[in-house]
Amino acid sequence: MRIARFSIDGNVAFGAVEGDKPDELVLDIIKGIPFAEFELSGTKVPLSKVRLLPPVLPNKVVAFGRNYAEHAKELGNEVPDAPFAFFKPSTSVIGPGDEIQYPSFSEELHHEAELAVVIGRMCREVPRDRVKDVILGYTCANDITARDVQRREKQWARAKGFDTSCPLGPWVETDLDPSDLTIQLTVDGQQRQLGRTSEMIHPIEDLIVNITEAMTLLPGDVILTGTPAGVGPLAVGDEVSVSIEGIGTLTNKVVKRG
C-alpha cells in the first residue's frame with residue numbers, strides 16, 4: 001500500500017494512493033493514522049486536487065553516512081567498519097514539491113539520493129530478525145548537504161541539518177522488498193546518481209540494530225540509509241528528482257533563501 005499525507009481545504013489527512021497512471025491517481029482517505037489499525041473510508045479524492053505533504057513528521061531523522069563504498073571513495077573517505085550515524089532535525093523535513101532553500105552560509109550545496117525507512121512503532125534494542133516488524137514502509141529522501149560547511153566544521157549539524165535539507169516523499173510504500181532496488185537522481189532531467197540498494201555496505205537490518213542499541217525509535221521516525229556515488233552540486237533554479245524503484249519520484253526545486 002502507498003500511504004500519502006496530504007492537505008485539502010485546510011485539513012490534513014492520510015490516504016491510500018490508488019491507480020497506476022500518474023494523471024489518474026486517487027486517494028482513499030484513511031480513518032485514523034497509519035501507525036495503528038485503520039480503515040479506508042471509501043471517500044476518494046483525485047491526487048491532483050490535493051497538496052502532498054511530507055509523508056510523516058518524524059520526531060528525529062537518523063542518517064547513516066558512507067554506507068556505499070563508491071560514495072565514500074569519491075569524497076576521499078575510508079569505508080567505516082561499523083554504521084556511522086548522524087542526525088537531521090525535524091525542522092529540516094519538507095515534502096514533494098516544496099522548495100529547497102539554498103543556505104546563505106554555503107557556496108557548495110550537494111544532492112544525495114537515499115532510500116528512507118519509516119518506523120511504524122516504538123522500539124528499542126531490536127534484534128536483527130525482528131527488524132521488519134518495526135518498519136512501516138519506505139520512501140524517497142534527498143540528504144541535501146552544504147559540502148563546504150561539512151568539510152570545514154567537525155560537526156555536521158549545520159551542514160546537514162539546516163531548514164529544508166531533508167526532502168521526503170512522495171508517499172510511504174508499505175509492501176516492498178528494499179534489498180535490491182534501483183535508486184537514481186536527476187537534476188533538470190540529467191542523470192547524476194544511479195545505484196542499487198544492494199550496494200549498501202551495512203544493510204537496513206544492521207542500521208536499525210545499531211541505532212536502537214542506543215536509543216528508542218518512535219512511530220514516524222525516519223532512517224536514511226546512505227547514498228550511492230555521483231553526489232554533486234546544486235544551483236538556484238535546479239529541479240532535483242530522486243526516483244526509487246517500487247516507490248516513486250520525489251521532486252524539489254532549489255531557490256535562494258529569502
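This is a predicted model: local features need pLDDT of at least 70, side-chain atom pairs count only at pLDDT 80 or more; totals for chains, interfaces and linings use all residues.

Biologist: Over which ring does the charged end of Arg66 sit?

Modeller: That ring belongs to Phe84, and the charged end of Arg66 is 5.2 Å from its centre.

Biologist: Which parts of the chain does the pair of Phe84 and Trp156 tie together?

Modeller: Phe84 belongs to strand β7 (residues 84-88), while Trp156 is in the loop between α2 and α3 (157-161); the pair therefore ties together parts that are 72 residues apart in sequence. Ring pairs also link Phe84, Phe86 and Trp156 into a cluster.

Biologist: Is Trp156 buried or exposed?

Modeller: Buried means under 20% relative accessible area. Trp156 has 16% relative accessibility, so Trp156 counts as buried. Phe84, at 33%, counts as partly exposed.

Biologist: What is the geometry of the aromatic pair that Phe105 and Phe162 form?

Modeller: Phe105 and Phe162 are edge-to-face, with 6.1 Å from centre to centre and 85° between the planes. Phe105 is in the loop between β9 (99-102) and β10 (109-111), and Phe162 is in the loop between α3 and β14 (166-173), so the pair ties together parts 57 residues apart in sequence. Phe105 is partly exposed, at a relative accessible area of 25%, whereas Phe162 is buried, at 5%.

Biologist: Let us turn to empty space. How is it found?

Modeller: A probe the size of a water molecule is rolled over the atoms, which shows where empty space is left. In this model there is 1 cavity of 30 Å³ or more, and the largest cavity holds about 100 Å³ of space.

Biologist: Which residues lie nearest the centre of the largest cavity?

Modeller: They are Gly65, Arg66, His71, Glu112 and Lys160, out of 17 lining residues. β6 (61-65), α1 (69-74) and α2 (147-152) each give two or more residues to this lining. The lining divides into 5 nonpolar, 6 polar and 6 charged residues.

Key: Residues are numbered from 1 along each chain as its sequence is written. Side-chain values use heavy atoms; hydrogens and water are left out. On a 1 Å grid over the protein atoms alone, a cavity is a set of points where a 1.4 Å probe fits but cannot get out, and a pocket is an open set with protein on both sides within 12 Å along at least five of seven lines; lining residues have an atom within 4 Å of a point. Grid points are joined across faces, edges and corners, and a volume is the space filled by probe spheres set on the points. Helices (H or I, at least four residues) and strands (E, at least two) are DSSP runs, numbered from the N terminus. Ala, Val, Leu, Ile, Met, Phe, Trp, Tyr, Cys and Pro count as nonpolar, Asp, Glu, Lys and Arg as charged, and the others, Gly among them, as polar. Buried means under 20% relative accessible area, exposed over 50%, partly exposed in between (1.4 Å probe, protein chains only). Rings of Phe, Tyr and Trp (its six-membered ring) pair if their centres lie within 6.5 Å; planes under 30 degrees apart count as stacked, over 60 as edge-to-face and the rest as tilted. A charge sits over a ring if NZ of Lys or CZ of Arg is within 6 Å of the ring centre and within 35 degrees of the ring normal.
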